[in-house]
Amino acid sequence: MGCDGGTIPKRHELVKGPKKVEKVDKNAALAARWKYCALSTEKLRRPIVTCDLGRLYNKDAVIEFLLDKSADRPNSEVVSHLRGIKDIKELNLTDNPAWEGERRNTKGDRYEDMHCAMFICPVVGLEMNGKHRFCFLRTCGCVFSDRALKEVKTEICHKCGDPFKEEDLVVLNGTKEEVEKLRKIMEEKRAKAKATKKSKKSKFAETVSKPSESKENPDSTETVFAEGKTSTENGEDRSQPVPGPSGSSSTSKVVKPLAASGSLAESGSKRSIQSMEEKSETYKSLFTSHSSAKRTKAQTSNWVTHTPYHF
């Protein structure tokens with residue numbers, strides 16, 4: 001039955017009670033969100049990108065996912081809203097001068113501060129370790145703390161000087177409520193973009209259909225009257241008097257512009273054929289087989305000598 005050797009069991013060892021809920025360490029949770037990629041679970045390294053929901057990723061991990069979405073990945077649900085490279089934004093981060101890197105405690109004889117972060121706010125100097133709220137700008141990608149944006153209220157970026165609006169601010173690693181709000185904003189933006197694309201396509205189709213209709217139904221038409229007058233839509237009289245045999249002017253004979261244009265086209269085609277024949281003759285004259293290159297009987301000699309050279 002056990003309990004040999006004078007061992008005294010306790011109650012919790014014999015009676016199994018309800019299991020205690022495991023609590024997640026806050027420091028470990030913050031480090032997982034702010035120091036590791038949300039997709040590949042590897043340590044964050046430049047270039048670092050983010051999405052419309054404010055999650056942090058390594059750029060190479062996101063590109064690999066977009067190139068091959070069929071591959072089984074452990075955290076594919078986190079990036080299910082990403083459609084292409086346009087849905088991510090590269091962050092313009094400020095390095096922390098107090099950050100010594102990963103090799104600062106190789107021997108294990110130094111105190112390792114878990115709250116020391118790689119990046120800080122360029123205005124206030126707060127470390128980006130999860131204890132403070134940080135935001136980024138969609139226009140330029142610069143990252144600032146929420147405290148800096150509240151203390152120094154401007155419409156120009158503190159780091160690069162680009163203008164921005166309140167709508168361009170996105171919270172990094174926000175709470176569940178903030179993520180839901182950002183998701184709604186993202187869906188609304190995508191719906192507006194689809195509507196604008198459809199309107200542009202419809203306008204383009206209308207512009208394409210209009211010139212085809214104008215070709216089928218031409219606006220200007222000319223009619224020739226028996227008196228020799230041509231009338232247009234403007235109502236102008238374009239009749240030209242033709243001198244008769246007795247010197248008097250008459251309008252009985254009218255020259256049609258269509259016939260003149262036809263004769264011009266025929267003359268142009270004849271000229272083009274003649275020019276092609278002339279070009280072909282000049283091209284043929286370059287070769288020895290042409291008649292111009294052959295010698296006459298007067299130019300040819302009766303005998304030909306051949307002097308071979310022997311070395």
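The largest pocket holds about 580 Å³ of space. Among the 21 residues lining this pocket, Leu 149, Lys 165, Glu 166, Glu 167 and Leu 169 are the closest to its centre. The structure described here is a predicted model. A search of the whole structure finds nine salt bridges, and the chain also contains a cis peptide bond from Arg 46 to Pro 47.

**Lining of the largest pocket**

- Two or more residues of the lining come from each of α4 (146–151), β8 (169–171) and α5 (176–216).
- The greatest contribution to the lining is that of α5, which supplies four residues.
- Sorted by class, the lining comprises 11 charged residues, nine nonpolar residues and one polar residue.

- The loop between α2 (26–34) and β1 (48–50) contains Pro 47.
- The peptide bond that joins Arg 46 to Pro 47 is cis, and its omega is near 0°.
- Thr 41 is located in the loop between α2 and β1 as well.
- Although Thr 41 is not a glycine, its phi is positive, at about 55°.

**Salt bridge between Glu 42 and Arg 45**

- The side chains of Glu 42 and Arg 45 form a salt bridge, with an N to O distance of 3.4 Å.
- Glu 42 has a relative accessible area of 39% and is therefore classed as partly exposed.
- Arg 45 is likewise partly exposed, because its relative accessible area is 38%.

**Salt bridge between Arg 190 and Asp 87**

- Arg 190 and Asp 87 are paired in a salt bridge in which the closest N and O atoms are 3.5 Å apart.
- This pair connects distant parts of the chain: Arg 190 belongs to helix α5, whereas Asp 87 lies in the loop between α3 (59–67) and β3 (89–90), and the two are 103 residues apart.
- Asp 87 has a relative accessible area of 10%, so this residue counts as buried.

- Asp 146 is joined to Arg 133 by a salt bridge, the closest N and O atoms being 3.6 Å apart.
- The partners come from distant parts of the chain, with Asp 146 in helix α4 and Arg 133 in the loop between β5 (119–120) and β6 (134–137), 13 residues apart.
- Asp 146 is buried, because its relative accessible area of 15% falls under the 20% limit for that class.
- Arg 133, by contrast, is partly exposed, with a relative accessible area of 41%.
- Through salt bridges that share partners, Arg 133, Asp 146, Lys 150 and Glu 178 are joined into one network.

- When neighbours within four places in sequence are left aside, Asp 168 is in contact with Phe 136, Leu 137, Arg 138 and Thr 139.

- Asn 173 is placed in the loop between β8 and α5.
- Its phi is positive, at about 50°, although Asn 173 is not a glycine.
- With a relative accessibility of 14%, Asn 173 counts as buried.

Note on methods
Residues are numbered from 1 along each chain as its sequence is written. This is a predicted model: local features need pLDDT of at least 70, side-chain atom pairs count only at pLDDT 80 or more; totals for chains, interfaces and linings use all residues. Side-chain values use heavy atoms; hydrogens and water are left out. On a 1 Å grid over the protein atoms alone, a cavity is a set of points where a 1.4 Å probe fits but cannot get out, and a pocket is an open set with protein on both sides within 12 Å along at least five of seven lines; lining residues have an atom within 4 Å of a point. Grid points are joined across faces, edges and corners, and a volume is the space filled by probe spheres set on the points. Ala, Val, Leu, Ile, Met, Phe, Trp, Tyr, Cys and Pro count as nonpolar, Asp, Glu, Lys and Arg as charged, and the others, Gly among them, as polar. Buried means under 20% relative accessible area, exposed over 50%, partly exposed in between (1.4 Å probe, protein chains only). Contact means heavy atoms within 4.5 Å. A salt bridge is a side-chain nitrogen of Lys or Arg within 4 Å of a carboxyl oxygen of Asp or Glu.
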